[in-house]
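Welcome! Let's take a friendly walk through this structure, one topic at a time. Have a look at it first, and then read on.

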Amino acid sequence: MDQFISDFLKDPSGKNLQKLSVEFLPYYCMLISKVGGILSQETLSCIQKALQEGKLTDLVNLIQKALTIVEDAFLQIAVIGESGAGKSSFINALRRLSHEAEGSASVGVVETTMHRTPYQHPKYPQVTFWDLPGTGTPNFLPDTYLEKVGFADYDFFIIISSSRFTLNDALLAQKIKDVGKKFYFVRTKVDSDLYNEEKTKPTTFTKKRILQHIRDYCLANLSDIGVSDSPIFLISNFDLADFDFPKLEETLLKELPEHKRHTFALLLPTISVAAIEIKRDFLKEKIWLEALKSAAVSFIPFTPFVCGFDLPEQEQCLKDYRNYFGLDDESIEEIAEKLDTSMEDIRGCLKCLNFWSLVKDDSISAKVIKGAESFFAVKGGPESSVIQGLKVYILRLKFLDTVADDAKHLLKMI
Ligand SMILES: Nc1nc2c(ncn2[C@@H]2O[C@H](COP(=O)(O)OP(=O)(O)O)[C@@H](O)[C@H]2O)c(=O)[nH]1
Ligand SMILES: [Mg+2]
């Protein structure tokens with residue numbers, strides 16, 4: 001049982017809440033993912049203050065408001081670069097769509113228009129990638145470009161090149177910075193550079209040396225055109241798990257505003273153990289905040305029952321988790337195809353598909369009773385809202401761990 005929540009339930013007095021207000025921040029920092037959490041500094045301070053002053057209604061409202069903002073967060077990602085650099089491929093890779101899938105961005109098509117094209121994420125409609133007109137087109141005018149493409153709409157810009165970054169890219173980066181937005185340089189197609197090098201120089205070829213060479217070359221090129229100290233991410237759109245893509249993910253997550261991190265973490269493809277862990281941490285944080293909220297509600301007199309244990313809702317929650325980790329039916333079918341095996345074979349390896357066995361797990365009731373014991377001591381009898389809240393908390397953690405472990409297991413198989 002979570003120590004903080006259990007301590008919270010043990011004693012609703014002002015003295016205990018004051019103690020918890022001191023412990024809150026260190027505890028929260030320990031709980032969240034290595035790339036940060038979903039609460040802003042301001043919300044954290046307000047939560048601390050609410051605990052210190054024993055204002056439980058404020059605490060509940062603060063958590064609820066923060067969770068709603070996180071749920072509703074939209075993400076608009078602008079992708080820029082010359083025609084042929086790999087923009088459409090990058091967008092498709094992040095949307096987990098093959099080039100042939102319906103709704104995918106057309107690959108290999110030379111764009112000459114000055115229009116931007118939106119591509120919504122098929123699973124997360126609040127995320128849109130924008131394929132922006134190329135910086136290499138004759139119509140490109142750095143002074144008016146950002147205005148024309150509506151720069152204020154985007155959370156950040158990805159500037160893509162498959163060879164040298166151009167002066168226009170550099171001018172654009174400078175302007176993006178001037179308007180207070182972030183940009184990231186991404187060098188695509190390193191898989192094909194490696195392939196070509198190995199074919200042409202098989203005796204002296206080493207992967208590490210070639211990648212370092214590409215990185216140095218890009219950095220020198222950027223420095224030549226006046227951009228210093230910007231990191232470069234080397235990637236292959238054909239294999240996001242390799243090269244710098246995981247580093248790019250982490251950097252973006254760290255640099256996004258807190259309330260948008262959750263949305264971005266969910267859309268990350270589950271292509272590495274690190275990506276699975278990051279996703280798990282973000283979802284865990286949310287489960288914990290919901291549990292803290294529901295614990296606080298138990299101490300507020302005359303509050304209507306907020307957090308009941310509703311089976312269809314729990315079933316939906318498990319479904320959502322499977323979706324987030326790429327274990328929904330459609331994804332399982334794709335994996336079976338990839339591994340040239342039957343869907344039943346894959347399903348047989350997954351524990352997260354059996355909702356009932358997870359719900360009926362005896363260890364859950366034992367944990368709920370243990371967690372509620374401290375509360376009984378205060379109130380002198382079982383309080384149904386506490387039991388329900390703990391049940392939801394422990395069950396959701398179980399769902400999450402089962403799904404994340406299954407995702408890791410499948411990753412190993414793939
Ligand atoms: N080897 C390799 N080819 C890529 C990569 N990204 C894109 N391509 C290929 O480069 C060509 C142009 O890609 P596209 O995504 O249409 O570029 P765009 O014009 O910037 O949208 C296509 O043939 C892609 O298959 C990559 O990372 N590695
Ligand atoms: Mg394109």
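How many aromatic pairs does the count come to? The count comes to 17 aromatic pairs. One thing to keep in mind while reading is that this is a predicted model.

**Aromatic rings**

One of these pairs joins phenylalanine 4 and tyrosine 27: the ring centres are 5.3 Å apart and the planes stand at 35 degrees, so the pair is tilted. The two residues sit in distant parts of the chain, 23 residues apart, with phenylalanine 4 in helix 1 (residues 3–10) and tyrosine 27 in helix 2 (residues 14–31).

Another pair brings together phenylalanine 156 and phenylalanine 264. Their ring centres lie 6.3 Å apart with the planes at 85 degrees, so the pair is edge-to-face. Phenylalanine 156 belongs to strand 4 (residues 156–161) and phenylalanine 264 to helix 11 (residues 258–267), so this pair ties together parts that are 108 residues apart in sequence. Both phenylalanine 156 and phenylalanine 264 are buried.

Phe4 and Tyr27 also turn up in an aromatic cluster, which they form with Phe24, Tyr28 and Trp288.

Arginine 116 lies over the face of tryptophan 130, 4.1 Å from the ring centre. Over the ring of phenylalanine 325 sits the charged end of lysine 279, at 5.9 Å from the centre of that ring.

**Around ligand 1**

Now let's turn to the ligand. There are 16 residues around ligand 1, and those that come nearest are Gly84, Ser89, Gly108, Asp191 and Asn237. By type, the shell divides into three nonpolar, nine polar and four charged residues.

Which helices each supply at least two residues of this shell? They are helix 5 (87–94) and helix 8 (190–200). Helix 5 gives the most, with three residues.

| Residue | Protein atom | Distance to a ligand 1 oxygen atom |
|---|---|---|
| Glycine 84 | backbone N or O atom | 2.7 Å |
| Alanine 85 | polar backbone atom | 3.3 Å |
| Lysine 189 | side-chain N or O atom | 3.0 Å |

On its own, ligand 1 has 580 Å² of accessible area, and the protein covers 84% of that.

Serine 89, one of the residues that come nearest to ligand 1, lies in helix 5. Serine 89 is buried, since its relative accessible area is 12%. Serine 89 and alanine 105 are 16 residues apart in sequence, while their C-alpha atoms are 7.3 Å apart in space.

**Some loop residues**

Aspartate 340 is not a glycine either, and has a positive phi of about 55 degrees. Aspartate 340 lies in the loop between helix 14 (329–338) and helix 15 (343–348), and is exposed because its relative accessible area is 73%.

Alanine 152 is in the loop between helix 6 (142–148) and strand 4. With 56% relative accessibility, alanine 152 counts as exposed. The C-alpha atoms of alanine 152 and lysine 181 are separated by 8.4 Å, and along the chain the two are 29 residues apart.

**The whole protein**

Finally, let's step back. The protein has 18 helices and six strands. Along the principal axes, its C-alpha atoms fill a box of roughly 75 × 50 × 40 Å. What share of the 414 residues in the protein do buried residues make up? Buried residues make up 50% of them.

Notes. Residues are numbered from 1 along each chain as its sequence is written. Chains are lettered from A and ligands numbered from 1 in the order in which they are written. This is a predicted model: local features need pLDDT of at least 70, side-chain atom pairs count only at pLDDT 80 or more; totals for chains, interfaces and linings use all residues. Side-chain values use heavy atoms; hydrogens and water are left out. A residue is near a molecule or strand if one of its heavy atoms lies within 4 Å of it. A polar contact is a pair of N or O atoms within 3.5 Å; within protein, one must be able to donate a hydrogen and the other to accept it, and residues adjacent in sequence count only if both atoms are side-chain atoms. Accessible areas come from the Shrake-Rupley method with a 1.4 Å probe; for residues, only the protein chains shown count as cover. Helices (H or I, at least four residues) and strands (E, at least two) are DSSP runs, numbered from the N terminus. Ala, Val, Leu, Ile, Met, Phe, Trp, Tyr, Cys and Pro count as nonpolar, Asp, Glu, Lys and Arg as charged, and the others, Gly among them, as polar. Rings of Phe, Tyr and Trp (its six-membered ring) pair if their centres lie within 6.5 Å; planes under 30 degrees apart count as stacked, over 60 as edge-to-face and the rest as tilted. Buried means under 20% relative accessible area, exposed over 50%, partly exposed in between (1.4 Å probe, protein chains only). A charge sits over a ring if NZ of Lys or CZ of Arg is within 6 Å of the ring centre and within 35 degrees of the ring normal.
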